[in-house]
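Reader: I would like to learn how to read a model of two chains and a ligand, one feature at a time. Could you take me through it slowly?

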Amino acid sequence: MTATTETRIGQPYLAALRKKLPHAVLEERWQTDDQVTVTVKLGSLPEAVATLYYEHDGWLSTMVGNDERSLNGCFALYYVLSMEGAQKCHVIVHALVSADDLEFPSVTPKVPAAVWYEREVRDMFGLRPVGLPDERRLVLPDDWPDGLYPLRKDSMDYRFRPEPTADNETYKFVNDSKVETTVVPLGPLHITSDEPGHFRLFVDGETIVDADYRMFYVHRGMEKLAETRMGYNEVTFLADRVCGICGYAHSVAYASSVENALGIRVPDRAQAIRAILLETERMHSHLLNLGLVCHFTGFDTGFMQFFRVREKAMTLAEMLTGSRKTYAINLIGGVRRDILGEQRLTTLKLIGELRAEVKRLIDILVSTPNFEGRVKGVGLLDPQVARDYSPVGPVVRGSGHRRDTRADHAFAGYKLIDMPVHTQAGCDILSRTLVRIAEFFDSIAIIEKLLEDTPTGPILTEDFAYKPYKFALGYTEAPRGEDMHWSMTGDNQKLYRWRCRASTYNNWPVLRYMLRGNTVSDAPLIVGSIDPCYSCTDRVTIVDVNKARSKTIAYKEMERYCRERTDSPLK
Amino acid sequence: MLKLLREVFRTGEATHKYPFAPLEVAKDFRGKPEHNAVSCIACAACTIACPPNAISMETDVAAGTRTWSISYGRCIFCGRCEEACPTGAIALSPDFELAVARKEDLTKRAVFSLAACPSCGEPLAAAKEVAYVLDILTRSAASPEEAERARFLVSTCPACKRKHDVEQLARIGVERQMENR
Ligand code: SF4
Ligand code: SF4
C-alpha cells in the first residue's frame with residue numbers, strides 16, 4: 001500500500017523474471033513493501049512459478065483461485081511464493097483464466113508442490129489444469145454432483161447440501177510400487193475426531209511399500225461461509241475455529257491479511273500481545289505432541305506427565321484471554337485485551353515453572369531406553385522431497401531446511417526480537433521431536449523478552465476505512481508451520497474472497513514418502529510426527545502385495561501394535 | 001526410571017475434585033453471557049455484533065412487541081455483545097456449566113413493547129429505546145425549544161417526519177412567494 005520504490009524488497013526477483021521471460025510479465029502491483037503480485041501471461045505461468053521456485057529459493061506457500069468474473073470477466077489464479085533467498089519477501093504470480101474455456105497450464109509437472117492446490121481449484125472453481133498428473137478430486141466428496149463448483153460466486157447458497165449422487169466411495173488410491181503389495185486401510189471415520197482421514201498402506205509383509213490417503217471428509221466450507229455471511233471482524237472469530245489446537249495462529253493470519261490489504265498500521269503493543277499469545281499456543285501444542293510421542297512409543301506415564309504440565313499453558317491462555325482455547329482476542333486493527341501488570345507477573349511465574357518442569361520431563365523422555373530406538377531413522381523425509389513439496393514447520397526443519405515464517409517474514413511482535421531457528425539434519429521422527437523441544441524453550445524465552453520490554457501505547461486502531469477489492473497476504477508460523485491467508489475485501493462490508501491454508505495442508509503430500517520403507521508398526525508414529533489432528537486416522541487398510549489379499553484393521557489394534565510391537569495384526 | 005519415579009512423587013495428586021468440588025476459573029474468564037432485561041433497551045446493537053448470530057430480535061407488529069433472544073447453543077463466548085451494549089445490559093459471567101436436558105432451555109427471551117408514533121399511531125421502535133435516546137437528548141439540549149424539537153425527531157416515525165418536512169417546505173415556499181409579490 002505505502003510501498004515506495006526505495007523500500008521495496010524483492011525487486012531483483014522481478015528483474016530476473018523479466019529477463020528470463022521477457023514478454024511474460026504484464027503488470028506488477030505492490031501490496032506492502034515485501035509483497036508483490038506480478039501478473040503473467042497464462043501460457044508462461046508454469047515457467048514463471050518454476051523460475052522463482054527453483055532458481056531463486058522460492059517455496060510454494062499457497063495458491064488462491066478467485067472468481068473475478070464480476071470484476072474483470074475472468075477467473076484468477078494467485079501462486080504465492082515465499083522467497084527465502086537473499087531478499088525475504090512474497091512474490092505472488094498471478095494469471096487470468098478465461099471464463100469461456102476454463103483451462104490453464106498445470107504448474108505441477110514443473111513444481112510438484114502445486115499438486116494439491118491445483119486439484120482443489122479444479123474441485124472448487126471448475127478450472128482445468130492441463131497436464132496435471134493427478135486428476136482425482138481432492139476436497140469434494142466422491143458423491144458430489146458434477147458441475148457444481150462451490151466457490152464460484154453464482155453456484156450455490158452456503159447452506160445448500162446437494163443430494164449425494166452415489167452410494168459408494170469411488171476414490172482410487174494410488175500405489176506406485178513395482179512389486180505386489182497388501183493394502184492396509186486406515187479410516188475413514190472416527191466418531192470422536194474432528195477431521196477423519198482414510199489411509200491406505202500398501203505393504204509387502206511388514207514393510208510399507210507405498211501409501212495413499214484421502215482427507216477432507218468433513219470440509220466445513222468456512223471460506224464460503226465467510227464470504228457470504230460474515231463481516232470482517234466476525235471472520236476473526238471464525239478463523240479462531242479453523243483448528244482446535246492452533247486456531248489463534250489463523251486468527252492472526254487472517255487479521256493481518258486484511259490489515260496488509262488496507263495498509264492499517266497495527267499498534268506495536270497489539271503486535272507484541274499477538275506474539276505472546278501465539279507462543280502460548282505453541283507451548284501447549286508442542287507439549288501435546290511430545291505427550292503423543294510418549295504414547296506411541298509405549299511410554300504412557302510420560303504421556304500423562306506431559307499432559308499434566310501442559311495444563312499450565314492452558315491456564316496461562318485462560319488468564320490472558322479469558323478462554324483456554326479459541327482466544328477470540330483479535331479484531332482488524334489490533335487486539336481486544338491488554339496484558340496488565342498483575343497478569344504479566346503471573347505469566348512470568350507460570351512460564352518459569354513450565355521451563356523447569358518440562359526440562360525434567362525431557363530428560364526422562366530421552367533417557368527412556370527404547371525411545372531413541374523407536375524414533376531414530378524412522379519416517380525419513382528426504383531433504384530433496386521436502387524441497388519439491390514445500391512442507392512447513394518442524395517437519396521441514398527436521399529435514400535440515402531453515403524455514404520459519406517468524407524469522408523469514410517477521411510479522412506481529414516477532415519484528416521486535418531476534419528469532420532463533422532450529423533445524424536438525426536427521427530427517428527422522430527424532431529430528432522433528434528435537435526441533436519441537438527446542439522451540440518449546442524458545443517460546444518461553446520469547447514471551448519473557450516481549451514482557452520485559454513491551455511497547456506502550458494503544459492496543460487497537462480504528463483509524464481506517466474499508467475499501468473494496470484490496471487484497472494481500474497475512475501469515476503466521478503456527479506450531480505446525482506456516483499458516484497462509486489471502487483476503488480480498490468486497491464492496492458490501494464482507495470479504496470478496498478469503499483463502500485460508502492451514503500448515504498441515506502442506507505437510508500431507510510428503511507423508512507418503514515418509515511412510516515408504518518403514519514397517520507397519522511405525523505408521524502411527526510417523527503420521528503423528530507431522531502432528532496432525534491425530535484421531536483422524538482411525539483404521540488402516542493393509543494390502544499385501546505378494547499375497548494379494550486385503551485386510552482392514554481397527555485403528556485401536558494398529559495403535560496397540562505400534563506401542564507393543566508384538567502379535568502383528570497382519571498374520 | 002528413577003527420575004520418573006521421583007517426578008511422580010514430587011507431583012503428588014494432580015487431579016481436581018471437579019465436579020464434586022467447584023472448579024476455579026481465571027478472573028476474566030469468558031463464560032455464559034447474562035442478560036439483564038431491566039437495563040436492556042432492545043437497541044439490537046448486540047445482535048449485529050454477535051459473530052455466530054446467537055442473539056436475535058423479532059418484531060411482532062400486531063402484538064406491538066419486540067422479542068430479544070439468545071441461544072446459548074450458538075454462543076461462542078466471545079464477549080462482543082458486552083462490548084457493543086450501550087447500557088451494560090449483557091455481560092459475560094464465569095459460568096461454564098451450560099448443559100440442559102431440553103434443547104429449548106438453551107434459549108432465553110425478553111419481550112419489550114413497541115412505542116407508537118404520536119402522529120400516525122404505527123409502531124416505531126422499542127419504547128425503552130425511544131425513552132433512552134430522548135432522555136439523553138433532552139438532558140443535553142441547550143433550550144426548551146431544542147428539547148421539544150428533539151422529542152419530535154426521536155418519537156416520530158420516518159414516514160411522518162418526511163410528511164412533516166414536506167409540509168414545512170411547502171409552507172416556506174408559499175411565504176417566499178408572498179414576500180416576492
Ligand atoms: S458472547 Fe459472543 S457469541 Fe455469545 S452472545 Fe455475545 S456476541 Fe454472541
Ligand atoms: S445491546 Fe444491550 S441494550 Fe441493546 S439489545 Fe443488546 S443487550 Fe439490550
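This is a predicted model: local features need pLDDT of at least 70, side-chain atom pairs count only at pLDDT 80 or more; totals for chains, interfaces and linings use all residues.

Reader: What is the mean pLDDT of chain A?

Author: The term pLDDT stands for the predictor's confidence in each residue, from 0 to 100. Chain A has a mean of 89, with 92% of its residues at 70 or more, although over residues 189-194 of chain A the value is below 50. Chain B averages 91, and 97% of its residues score at least 70. For the model, the scores are ipTM 0.86 and pTM 0.91.

Reader: How much area do chain B and chain A bury between them?

Author: The size of an interface is often given as the accessible area lost when the parts come together. Here the buried area (accessible area, with a 1.4 Å probe, that two parts lose on being put together, summed over both) is about 2,000 Å², 49% of it on carbon and sulfur atoms. On the side of chain B, Leu4(B), Glu7(B) and Arg30(B) lose the most area to chain A, together 29% of what that side buries. Counted by contact (heavy atoms within 4.5 Å), 23 residues of chain B meet 27 residues of chain A.

Reader: How many salt bridges does the rule find across the interface of chain B and chain A?

Author: A salt bridge is a side-chain nitrogen of Lys or Arg within 4 Å of a carboxyl oxygen of Asp or Glu. The rule finds three across this interface, and one salt bridge joins the side chains of Arg308(A) and Glu7(B), at 3.2 Å from N to O.

Reader: Which residues come nearest to ligand 1?

Author: A residue is near a molecule if one of its heavy atoms lies within 4 Å of it. Of the 13 residues around ligand 1, the nearest are Cys50(B), Cys75(B), Cys78(B), Gly79(B) and Cys81(B).

Reader: Which residues does a cis peptide bond join?

Author: Most residues other than glycine have a negative phi, and most peptide bonds are trans. In chain B, however, a cis peptide bond joins Tyr18(B) and Pro19(B), with omega about 10°. In chain A, Ser390(A) has a positive phi, near 55°, and is a residue other than glycine.

How values were computed. Residues are numbered from 1 along each chain as its sequence is written. Chains are lettered from A and ligands numbered from 1 in the order in which they are written. Side-chain values use heavy atoms; hydrogens and water are left out.
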